[in-house]
Amino acid sequence: VRTLLWSSATLFSEDGTVPIAAIAQGQDITEHKLSEEALRKSGEQIHLLMNSTAEAIYGIDMNGNCTFCNKTCLTMLGYSHPNDLLGKNMHWQIHSKYPDGTLFPVEECRIFRAFQKGIGTHVDDEVLWRSDGTSFPVEYWSYPQFKDGEVMGAVVTFLDITERKLAGDRIKSLLAEKE
């Protein structure tokens, strides 16, 4: 099966009342359509993969603006739709305060420092802030995205480590009681 794109035109007499000829041209666009379909399926596969992970994932451009986010990211942060984050500066949206609520300057943000230097980072002693204004402890990894050898932004994955922190506190408390 081939896919053709047809164009046609009718030529009329000088007074424009009598059709005197018709011209038609067909162009085989089968390969173009197959490429479009493969690209669409690939995009769907990536989307399914991203939304099937337990880790929250988002991407940022060189300005720190969100370029993509998965379903887990939205759920953990209390947002309902990707448009709630897309195009927004993620530092100011979810990472702008220390656990005590004081301002966390972007210059001190390890996510930003890492991708600006073209290196990855791993952190487990910070918090992120939900849409409702509450925070939660996270472990995150931030790695730069490269295109043609140039950093284009970063991919950040994170986990809510609230339960891990609580378990660690319980163990410390039990050990303190035994002393």
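I will start with the ground rules and then go from the sheet to the side chains.

This is a predicted model, in which local features need pLDDT of at least 70 and side-chain atom pairs count only at pLDDT 80 or more, while totals for chains, interfaces and linings use all residues. Residues are numbered from 1 along each chain as its sequence is written, and side-chain values use heavy atoms, with hydrogens and water left out.

Sheet first. Helices (H or I, at least four residues) and strands (E, at least two) are DSSP runs, numbered from the N terminus. Five strands make an open antiparallel sheet, ordered β4-β3-β7-β6-β5; two strands pair if DSSP finds at least two bridges between them. At the edges are β4 (66-69) and β5, each pairing on one side only. Between β5 and β6 there are seven bridges, and V127 has P137 in β6 as its bridge partner.

Now the helix α4, which packs on this sheet and touches β3, β5, β6 and β7, contact being heavy atoms within 4.5 Å. Its direction makes about 140° with that of β5; axes are lines fitted to C-alpha atoms, for helices over the stretch in contact, with angles from 0 to 180 degrees between N-to-C directions.

Which residues of α4 are buried? They include I111, F112, A114 and F115, where buried is under 20% relative accessible area, exposed over 50% and partly exposed in between (1.4 Å probe, protein chains only). The face turned away from that buried side carries Q116 and K117, both exposed. Just after α4, G118 has a positive phi of about 75°.

Last, the rings. The whole structure has four aromatic pairs. Rings of Phe, Tyr and Trp (its six-membered ring) pair if their centres lie within 6.5 Å; planes under 30 degrees apart are stacked, over 60 edge-to-face, and the rest tilted. One of the pairs is Y58 with F158, edge-to-face at 6.2 Å centre to centre and 65° between planes. Y58 is in β3 (residues 56-61) and F158 in β7 (residues 150-160), so this pair ties together parts 100 residues apart in sequence. Y58 and F158 are both buried. For F112 and F115, the centres are 5.4 Å apart and the planes at 50°, so that pair is tilted. Both sit in α4 (residues 110-117), three residues apart, about one turn of the helix. Ring pairs also link Y58, F136 and F158 into a cluster.
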